[in-house]
Amino acid sequence: MPHKSLQIPLSYEEILRKAEYFCVYQDRCHQEVLTKLKSLTTSQTVIDNAIVHLIENNFLNEERFACSFARGKHRIKNWGKIRIVAELKARQISKYAIDKALKEFSQEEYFETFEKLANKTWNNLSERDSAKKKAKFTAALLRKGYESHLVFDKLNELMS
């Protein structure tokens with residue numbers, strides 16, 4: 001009968017090293033780091049001390065996380081402000097950090113991305129029924145997190 005291997009608890013130094021590596025690999029929010037630490041230890045004191053260490057040594061920085069998250073999601077996934085804000089709020093990021101993150105891309109860049117995405121979305125829809133095409137177009141851009149006034153203005157422009 002196979003025996004269950006006993007898991008040797010990690011030392012505080014090993015937990016810190018793993019947490020530091022976790023944060024260096026990519027920017028993380030506090031929530032992700034907390035989840036990781038909980039998977040490594042059951043001691044709330046160790047978790048609290050590790051979080052303090054990570055913040056003091058700049059491994060964990062909510063503002064930096066929010067800014068890189070917003071930049072990446074906008075430039076790579078073409079997300080709009082509404083979706084970015086919602087995702088950051090879901091990660092319990094402060095309003096201050098969210099406001100700072102939204103300044104990571106200019107208005108010009110934002111509208112340029114929106115225009116490219118809207119045109120690409122419209123051209124890729126093979127729907128013959130114009131009502132269905134409008135609905136699919138609108139849904140796709142709202143799902144990406146763009147403001148409804150931008151979406152409907154663009155739809156009116158494309159329909160004329």
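Helices (H or I, at least four residues) and strands (E, at least two) are DSSP runs, numbered from the N terminus. The model is predicted, with local features needing pLDDT of at least 70 and side-chain atom pairs counting only at pLDDT 80 or more, while totals for chains, interfaces and linings use all residues. Residues are numbered from 1 along each chain as its sequence is written, and side-chain values use heavy atoms, with hydrogens and water left out.

**Exercise 1. Locate Asn 78 and Asn 58, and describe the backbone and accessibility of each.**

Step 1. Asn 78 is found in the loop between α4 and α5 (81-90), whereas Asn 58 belongs to the loop between α3 and α4 (62-75).

Step 2. Asn 78 is not a glycine, yet its phi is positive, at about 60 degrees; for Asn 58, likewise a residue other than glycine, phi is positive and near 60 degrees.

Step 3. Buried means under 20% relative accessible area, exposed over 50%, and partly exposed in between (1.4 Å probe, protein chains only). Asn 78, with a relative accessible area of 24%, is therefore partly exposed, and Asn 58 counts as partly exposed because its relative accessibility is 42%.

**Exercise 2. Work out how helix α1 packs against helix α3, and which residues make the contact.**

Step 1. Helix α1 covers residues 12-25 and helix α3 covers residues 44-56; their axes are 10 Å apart and meet at an angle of about 45 degrees. Such axes are lines fitted to C-alpha atoms, for helices over the stretch in contact, and the angles run from 0 to 180 degrees between N-to-C directions.

Step 2. This angle makes α1 oblique to α3, given that angles under 35 degrees count as roughly parallel, over 145 as roughly antiparallel, 65 to 115 as roughly perpendicular and the rest as oblique.

Step 3. The crossing of α1 and α3 is right-handed, a term used if the near helix is turned clockwise from the far one by less than a right angle, with anticlockwise giving left-handed.

Step 4. With contact meaning heavy atoms within 4.5 Å, α1 contributes Tyr 12, Ile 15, Leu 16, Ala 19, Glu 20 and Cys 23, and α3 contributes Val 46, Asn 49, Ala 50, His 53 and Leu 54.

Step 5. Sorted by type, the residues of this contact are eight nonpolar, two polar and one charged, where Ala, Val, Leu, Ile, Met, Phe, Trp, Tyr, Cys and Pro count as nonpolar, Asp, Glu, Lys and Arg as charged, and the others, Gly among them, as polar.

**Exercise 3. Carry out the analysis for α4 and α5.**

Step 1. The axes of α4 and α5 lie 10 Å apart, at an angle of about 145 degrees, and the crossing is right-handed.

Step 2. On α4 the contact involves Phe 65, Ala 66, Phe 69, Ala 70, Lys 73 and His 74, and on α5 it involves Ile 84, Glu 87 and Leu 88. These residues divide into six nonpolar, one polar and two charged.

**Exercise 4. Describe the surroundings of Leu 141.**

Step 1. Leu 141 is part of helix α8 (residues 130-143), and its relative accessible area of 0% makes it buried.

Step 2. Leaving aside residues up to four places away in sequence, Leu 141 touches Phe 114, Leu 117, Ala 118, Thr 121, Tyr 146 and Val 151. Leu 141 and Ala 118 are 23 residues apart along the chain, and their C-alpha atoms are separated by 7.2 Å.
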